[in-house]
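Hi there,

Here is the structure I promised to pass on. Have a look at it first, and then read on for what turned up.

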Amino acid sequence: MKSKLPIIFILCITALCSLASVTTPLPYREGQGGESVSSKPKKGRGGGSRIILLHSDELYHNQCIHREAQILVGNVRFRHDDVILTCDSALYYESSNSFDAFGHVVMNQADTLILNSDVLYYDGFDQLAMARYNVVLKHFDSRLFCDSLDYDRLYNLGYFFQGGKLVDGDNTLTSEWGQYSPPTREAVFNYNVDLRNPKFTLLSDTLHYNTGTEIARIVGPSNIDNGDNHIYSERGTYDTRCDRAFLLDRSIVSNKGRTITGDSLDYIGEGAISKAFGHAESVDNVNKNMITGNYMLYADSLGYAEAADSAVLIDFSQRDSFYCHADTFKLFTYNIDTDSVWRVMHGYHHVRAFRRDVQAVCDSMVYISRDSCLTMYHDPILWQDGQQLLGEEIKAWMNDSTIDSTYIVRQALSVERIDSAYFNQVTGAIMRSYFRGGEMHTTVTEGNVLTNYYPFDSDSLMIGLLHAEGSLLYLFMENRQVTKIMFDGAAEGRLHPLALIPPNVRYLSNFQWFDYVRPVDKDDIFNWRPKKPGTELKPSIKRAGPKRNRDRGKSENISH
């Protein structure tokens, strides 16, 4: 026996050294009595399926160090149901149906999911794999990188909790905590979520992402940067393949000082097209205006915008905001990528506008920013305090959102209300009015001019009615009241005493006072009130252009 002791001692030392070479650099899970947690008997969740050891170059067992563990070294290979696991070395706990794998660990599940790591703890009863250090989870074309990942085979769910990165095509997602479900291909990321794509960046605190559809589902405060466009949303989806988002809960798209908000948004990255639905609004903080409506479209690359369904254009560049409603507004931009950019705004139909100092109605309107000209069509009417202007067409030139001058084409009529019974009236073929500080100071009327004017004496007493006609009339105003009228050239007129005004002279033949049509406040612009039947303007007689005579082969003018 004494002669055999050195041999036994050497064998023990050799075994310990072999064990140390396997276990010294590799981490163990802490347990009682120096045992790995895997060696502790437990009741599993997933049934009684046993782990099968398929191969190992070497197998050791040392009861002093690991009472329950078999030490496996070299080309270790396990199988558990449809899972094949390979590694450099392992501690195999047959009684607890578990093992600890070390070095080049690869877990292959049904050839669709591959898990790589430096270390893996596997419980066959619980069907739980805990991978540590340089972990890579591969599923189809997706790669999940982290240092700590637990994979629950019972629920087919993997989750990391010390930071991770998912690479899926052009998308790279990082977060502090997350989980991935291979059956649904759905990933959930939490805390400092960062989704990067060559076209955009998405930052959030919570994000769901599907590797099959490449659609990100926003479930918390999120910010998306797409070129010059910035999106804020708390709920919605973002299709990363086609760069398109469907956003809810008053999401916001902003671009170069313009923001678009709506109960729901449809955003298309290609062309930076935004569609807003429900209480939509587009605010331009640079030019101090906004458009609201229940439907809105804005194409940033084209400079095109459209608003409908209770659409309102609001200009807040002045002390008093200007409100204009139409069934539909459309904005077109020209020379968008040059220094000579200019825009055209169309509004139709049932246009009504209100500001405390000016109001207007018409069927349709066009505003051209190049010359700051607003044109109103089809029975347009413009009011300023007690002054009413109307005609077949009204052009108004603006200066910083304030009227600078107006030009009324055909059947022009200017009415100034003195009181409920007396009105100063001027009518003619065309009428030009000029404003100073937003107030009319001079009006020039040309072509078959007729006027009814009530002059006052020095004691502010009304003298009578001056009825006159001529070809050119100048009318001067001060403090929004007529102070002087003057004909240029031949004119005929008669002053009727106040008590002897003939009934057929009191009003011009085309006189109308449309106060019942006039908007009374910013909310009244939605209430369309047409003119009373028979008071609409009848189009003036026009001469048609040349028309070819088919029989004679020549042109002739035809009058209608």
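Let me start with a question: is Phe-423 buried or exposed? Phe-423 is buried, because its relative accessible area is 5%, and the cut-off for buried is under 20%. Please keep in mind that this is a predicted model.

**Aromatic rings**

Phe-423 has a ring partner, Phe-511, and the two form a tilted aromatic pair, with 5.2 Å from centre to centre and 55° between the planes. Where do the two partners lie? Phe-423 belongs to strand S32 (residues 423-436), while Phe-511 is in the loop between strand S36 (491-497) and strand S37 (547-549), so the pair ties together parts that are 88 residues apart in sequence. Phe-511 is buried as well, with a relative accessible area of 14%.

In total, the structure holds 13 aromatic pairs. Ring pairs also join Phe-78, Tyr-92, Phe-99 and Tyr-122 into a cluster.

Lys-165 has its charged end over the ring of Phe-145, 5.6 Å from the ring's centre. Lys-522 lies over the face of Tyr-323, at 5.8 Å from the ring centre.

**The largest pocket**

If you are browsing for pockets, the largest one holds about 920 Å³ of space. Its lining is made up of 34 residues, and those nearest the centre are Asn-289, Leu-313, Asp-315, Tyr-367 and Ser-401. Several strands give two or more residues to this lining, among them strand S22 (289-299), strand S23 (304-315), strand S24 (322-334) and strand S26 (358-368). What kinds of residue line the largest pocket? The lining divides into 20 nonpolar, seven polar and seven charged residues.

**Around Ile-114**

Which residues does Ile-114 touch, leaving aside its neighbours within four places in sequence? They are Val-106, Met-107, Asn-108, Val-136, Leu-137 and Lys-138. As for Ile-84, this residue is 30 residues from Ile-114 along the chain, and their C-alpha atoms are separated by 9.6 Å.

Key:
Residues numbered from 1 in each chain as written. Predicted model: local features only at pLDDT ≥ 70, side-chain atom pairs only at ≥ 80, totals over all residues. Heavy atoms only, no water. 1 Å grid on protein atoms, 1.4 Å probe; cavity = no way out; pocket = protein on both sides within 12 Å on 5 of 7 lines; lining within 4 Å. Points joined across faces, edges and corners; volume = space filled by probe spheres on them. Helix = DSSP H or I, 4+ residues; strand = E, 2+ residues; numbered from the N terminus. Nonpolar A, V, L, I, M, F, W, Y, C, P; charged D, E, K, R; others polar. Phe/Tyr/Trp six-rings, centres within 6.5 Å; stacked < 30°, edge-to-face > 60°. Buried < 20%, exposed > 50% of the residue type's maximum accessible area, 1.4 Å probe, protein only. Lys NZ or Arg CZ within 6 Å of the ring centre and 35° of its normal. Contact = heavy atoms within 4.5 Å.
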